[in-house]
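Student: Please pick one part of this model and look at it closely. Keep it brisk.

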Amino acid sequence: MISTKGRYALRFMMDLAEQPEGSPVTLDAVSARQNISKKYLEIIVKILVKGKLVKGTSGKGGGYRLLRSPEEYSVGEILELTEGTLAPVACLQPDAKPCDRESICKTIPMWREYHEMVNHFFYSKKLTDLLEIPDADPTKYSCL
(Lines give C-alpha, C1' and ligand atoms only; values in the text may rest on other atoms or scores of the structure.)
Protein backbone atom coordinates (compact mmCIF):
# COMPACT_ATOMS: atom_id res chain seq x y z
CA MET A 1 0.00 0.00 0.00
CA ILE A 2 1.25 3.48 -0.83
CA SER A 3 1.30 5.66 2.29
CA THR A 4 0.43 9.33 2.63
CA LYS A 5 4.13 10.10 2.32
CA GLY A 6 4.23 8.78 -1.25
CA ARG A 7 0.87 10.26 -2.21
CA TYR A 8 1.72 13.67 -0.76
CA ALA A 9 5.12 13.61 -2.45
CA LEU A 10 3.31 13.16 -5.78
CA ARG A 11 0.97 16.05 -4.95
CA PHE A 12 3.94 18.23 -3.98
CA MET A 13 5.78 17.40 -7.20
CA MET A 14 2.64 18.01 -9.27
CA ASP A 15 2.17 21.37 -7.58
CA LEU A 16 5.73 22.39 -8.45
CA ALA A 17 5.26 21.17 -12.02
CA GLU A 18 2.20 23.38 -12.43
CA GLN A 19 4.13 26.54 -11.53
CA PRO A 20 5.92 28.73 -14.07
CA GLU A 21 9.22 27.08 -14.97
CA GLY A 22 11.98 27.80 -12.50
CA SER A 23 9.75 29.74 -10.11
CA PRO A 24 10.48 28.75 -6.52
CA VAL A 25 7.42 27.75 -4.50
CA THR A 26 7.18 28.09 -0.74
CA LEU A 27 6.07 25.27 1.51
CA ASP A 28 3.40 27.58 2.92
CA ALA A 29 1.90 28.00 -0.56
CA VAL A 30 1.94 24.28 -1.35
CA SER A 31 0.63 23.41 2.09
CA ALA A 32 -2.33 25.76 1.62
CA ARG A 33 -3.09 24.64 -1.95
CA GLN A 34 -2.77 20.94 -1.22
CA ASN A 35 -4.23 20.99 2.30
CA ILE A 36 -1.18 19.15 3.67
CA SER A 37 0.41 20.02 6.99
CA LYS A 38 3.55 22.13 6.52
CA LYS A 39 5.36 20.00 9.12
CA TYR A 40 4.61 16.83 7.15
CA LEU A 41 5.63 18.50 3.89
CA GLU A 42 8.98 19.44 5.48
CA ILE A 43 9.68 15.75 6.10
CA ILE A 44 8.73 14.80 2.55
CA VAL A 45 10.64 17.66 0.93
CA LYS A 46 13.79 16.75 2.85
CA ILE A 47 13.63 13.31 1.19
CA LEU A 48 13.01 14.82 -2.25
CA VAL A 49 15.93 17.25 -1.86
CA LYS A 50 18.28 14.51 -0.65
CA GLY A 51 17.17 12.37 -3.61
CA LYS A 52 17.97 15.27 -5.96
CA LEU A 53 14.43 15.58 -7.32
CA VAL A 54 13.93 19.14 -6.10
CA LYS A 55 16.11 22.03 -5.01
CA GLY A 56 15.44 24.47 -2.23
CA THR A 57 16.65 28.04 -1.96
CA SER A 58 16.37 30.19 1.12
CA GLY A 59 15.88 33.89 1.60
CA LYS A 60 13.62 36.37 -0.09
CA GLY A 61 12.12 34.84 -3.21
CA GLY A 62 13.22 31.38 -2.08
CA GLY A 63 11.34 28.13 -2.15
CA TYR A 64 11.44 24.82 -3.94
CA ARG A 65 11.63 23.98 -7.62
CA LEU A 66 12.02 20.93 -9.81
CA LEU A 67 15.54 20.11 -10.98
CA ARG A 68 14.31 18.63 -14.27
CA SER A 69 11.36 19.21 -16.53
CA PRO A 70 8.14 17.50 -15.35
CA GLU A 71 8.14 14.95 -18.19
CA GLU A 72 11.50 13.63 -16.96
CA TYR A 73 10.11 12.46 -13.61
CA SER A 74 8.50 9.06 -13.32
CA VAL A 75 5.91 8.29 -10.68
CA GLY A 76 7.98 5.20 -9.85
CA GLU A 77 11.10 7.15 -8.90
CA ILE A 78 9.09 9.49 -6.67
CA LEU A 79 7.30 6.62 -4.94
CA GLU A 80 10.43 4.51 -4.46
CA LEU A 81 12.32 7.48 -3.05
CA THR A 82 9.60 8.25 -0.50
CA GLU A 83 8.22 4.75 0.14
CA GLY A 84 11.22 2.52 -0.36
CA THR A 85 11.15 -0.53 -2.57
CA LEU A 86 7.95 -1.47 -4.35
CA ALA A 87 8.89 -5.16 -4.12
CA PRO A 88 5.92 -7.23 -2.92
CA VAL A 89 8.03 -9.81 -1.05
CA ALA A 90 11.33 -9.63 0.82
CA CYS A 91 13.23 -11.88 -1.57
CA LEU A 92 12.69 -9.42 -4.45
CA GLN A 93 13.94 -6.38 -2.57
CA PRO A 94 17.20 -4.83 -3.74
CA ASP A 95 20.16 -6.32 -1.89
CA ALA A 96 18.06 -9.25 -0.64
CA LYS A 97 20.07 -12.25 0.40
CA PRO A 98 19.59 -15.20 -1.93
CA CYS A 99 16.67 -17.31 -0.79
CA ASP A 100 17.53 -20.94 -0.18
CA ARG A 101 13.99 -21.88 -1.26
CA GLU A 102 14.09 -20.06 -4.60
CA SER A 103 14.69 -23.20 -6.65
CA ILE A 104 11.63 -24.91 -5.16
CA CYS A 105 9.41 -21.88 -4.55
CA LYS A 106 6.23 -22.23 -6.57
CA THR A 107 5.09 -18.65 -5.90
CA ILE A 108 8.23 -16.70 -6.87
CA PRO A 109 7.30 -16.57 -10.59
CA MET A 110 4.00 -14.94 -9.65
CA TRP A 111 5.70 -12.41 -7.32
CA ARG A 112 8.27 -11.57 -10.00
CA GLU A 113 5.57 -11.02 -12.59
CA TYR A 114 3.59 -8.84 -10.19
CA HIS A 115 6.70 -6.84 -9.30
CA GLU A 116 7.51 -6.30 -12.98
CA MET A 117 3.93 -5.14 -13.68
CA VAL A 118 3.98 -2.67 -10.78
CA ASN A 119 7.39 -1.28 -11.75
CA HIS A 120 6.45 -1.01 -15.40
CA PHE A 121 3.20 0.76 -14.50
CA PHE A 122 4.71 3.32 -12.12
CA TYR A 123 7.90 3.92 -14.09
CA SER A 124 5.98 4.40 -17.35
CA LYS A 125 3.82 7.13 -15.77
CA LYS A 126 5.40 10.56 -15.89
CA LEU A 127 4.57 13.53 -13.72
CA THR A 128 3.09 15.20 -16.78
CA ASP A 129 0.70 12.26 -17.25
CA LEU A 130 -0.83 13.08 -13.87
CA LEU A 131 -1.17 16.74 -14.80
CA GLU A 132 -3.10 15.83 -17.94
CA ILE A 133 -5.93 14.10 -16.07
CA PRO A 134 -9.07 16.26 -16.47
CA ASP A 135 -10.03 17.98 -13.23
CA ALA A 136 -6.99 16.51 -11.50
CA ASP A 137 -7.34 18.82 -8.51
CA PRO A 138 -5.83 16.62 -5.78
CA THR A 139 -7.70 18.57 -3.12
CA LYS A 140 -10.94 17.12 -4.51
CA TYR A 141 -9.92 13.50 -4.13
CA SER A 142 -9.45 11.77 -0.81
CA CYS A 143 -7.36 9.03 -2.42
CA LEU A 144 -4.54 11.41 -3.29
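**Around helix α4**

Tutor: Arg68 is partly exposed, at 29% relative accessible area (buried is under 20%, exposed over 50%, partly exposed in between; 1.4 Å probe, protein chains only). The model is predicted, so local features need pLDDT of at least 70 and side-chain atom pairs pLDDT 80 or more, while totals for chains, interfaces and linings use all residues. Residues are numbered from 1 along each chain as its sequence is written, and side-chain values use heavy atoms, without hydrogens or water.

Arg68 pairs with Glu77 in a salt bridge, 2.8 Å from N to O (a Lys or Arg side-chain nitrogen within 4 Å of an Asp or Glu carboxyl oxygen). Glu77 belongs to α4 and also takes part in its contact with α5.

Helix α4 covers residues 75–83, and α5 covers residues 108–124 (helices are DSSP runs of H or I, at least four residues, numbered from the N terminus). Their axes come within 5 Å and cross at roughly 115°. The two are therefore roughly perpendicular (65 to 115 degrees; under 35 is roughly parallel, over 145 roughly antiparallel, the rest oblique). From α4, Val75, Gly76, Glu77, Leu79 and Glu80 make the contact (heavy atoms within 4.5 Å). Asn119, Phe122 and Tyr123 answer from α5.

Helix α1, residues 4–17, meets α4 too: the axes come within 9 Å and cross at roughly 135°. This pair is therefore oblique. Lys5, Gly6, Ala9, Leu10 and Met13 of α1 touch Val75, Ile78, Leu79, Thr82 and Glu83 of α4.

Technical notes:
Axes are lines fitted to C-alpha atoms, for helices over the stretch in contact, and angles run from 0 to 180 degrees between N-to-C directions.
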